[in-house]
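Hi everyone, thanks for coming. Let's have a look at today's structure together, one spot at a time.

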Amino acid sequence: MSAFRRGFVCVGLSYASNLGRLSGALVRRQVMKFPRVIRKNWISMSAIGGLCAVPFSQKQDNLCHEALVRRASSLVTDSTNTFLSQTTLALVDSFTQYVKTIHTLVTLHKHYVASGSKLTPAEEDSVWQVIVRQRQEVSDLREDCKRFESNWMMAINLSKLAAETAYNAGADQASVTAQTSLQVAQSHVDQIRQLSMEAEQNLKESKAEESQRIKLPATMEEEDIPEAYLRED
């Protein structure tokens with residue numbers, strides 16, 4: 001029995017050794033099929049216990065360094081254009097909502113001032129609570145606009161740098177596309193900024209964000225009631 005196990009182990013080791021040599025021969029055979037330029041620059045590296053091979057080919061006719069740089073610069077402009085587009089959309093939407101909320105607050109405050117003294121205490125309190133919530137929403141949206149504007153300015157700077165880099169690398173089409181994206185984004189933001197400035201001026205003039213609550217007339221106290229109404233029959 002012991003002899004049988006030793007024989008089985010020997011057979012197993014022999015099989016593993018032959019399999020290793022066979023695998024090595026297959027790898028070498030596959031490598032020999034590669035072009036001579038790639039075989040010459042084939043570097044094997046150990047990674048996580050296994051072997052991987054990374055080819056470093058020298059300059060070729062259709063993949064020169066200049067072409068690779070142009071391609072890379074085009075990819076960079078694509079990424080910056082996407083970033084600019086998303087940040088512009090976020091900023092424009094934030095400003096749009098901000099302007100709408102300001103108009104709502106101004107209109108509501110104007111109605112409150114005009115008819116506040118005619119409202120019952122319950123009605124006045126209900127309208128005032130809406131104004132308070134509207135003021136808070138205006139403040140929150142103002143902070144959102146500042147945050148998105150910071151992201152947008154970063155996207156603008158990155159796009160300008162990417163356009164310049166693409167131009168210097170010879171990627172003229174990518175540079176032109178980036179410049180066009182910059183102009184479109186700037187135009188949209190300039191328009192909504194103008195509307196925002198007008199809305200803020202209107203808000204300031206109406207004092208809807210800083211006015212105090214209206215004091216309703218005090219109800220008649222018992223001592224103010226005519227004595228004739230207090231006498232018993």
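In which helix is Met154 found? Met154 belongs to helix H4, which covers residues 121-169. Please keep in mind that this is a predicted model. With a relative accessible area of 46%, Met154 is partly exposed. Together with Phe83 and Leu158, Met154 makes a nonpolar surface patch of about 260 Å².

Now to the aromatic rings. A pair of aromatic rings is described by how far apart the centres are and by the angle of the planes. How many aromatic pairs are there here? The count comes to one aromatic pair. Tyr112 lies in helix H3, residues 65-115, and Trp128 in helix H4, so the pair ties together parts 16 residues apart in sequence.

Another ring to look at is that of Phe148: Arg147 lies over its face, at 5.0 Å from the ring centre.

Last stop: Ser73, which lies in helix H3. Ser73 has a relative accessible area of 5%, so this residue is buried, the limit being under 20%. Leaving aside residues up to four places away in sequence, Ser73 touches Ala166, Ala169 and Ala171. The C-alpha atoms of Ser73 and Tyr167 are separated by 8.8 Å, though the two residues are 94 residues apart along the chain.

Key. Residues numbered from 1 in each chain as written. Predicted model: local features only at pLDDT ≥ 70, side-chain atom pairs only at ≥ 80, totals over all residues. Heavy atoms only, no water. Patch = residues over 30% accessible without salt bridge, like charges linked within 9 Å, V, L, I, M, F, W, Y side chains within 5 Å. Areas by Shrake-Rupley, 256 points an atom, 1.4 Å probe, with all protein chains shown as cover. Salt bridge = Lys/Arg side-chain N within 4 Å of Asp/Glu carboxyl O. Helix = DSSP H or I, 4+ residues; strand = E, 2+ residues; numbered from the N terminus. Buried < 20%, exposed > 50% of the residue type's maximum accessible area, 1.4 Å probe, protein only. Phe/Tyr/Trp six-rings, centres within 6.5 Å; stacked < 30°, edge-to-face > 60°. Lys NZ or Arg CZ within 6 Å of the ring centre and 35° of its normal. Contact = heavy atoms within 4.5 Å.
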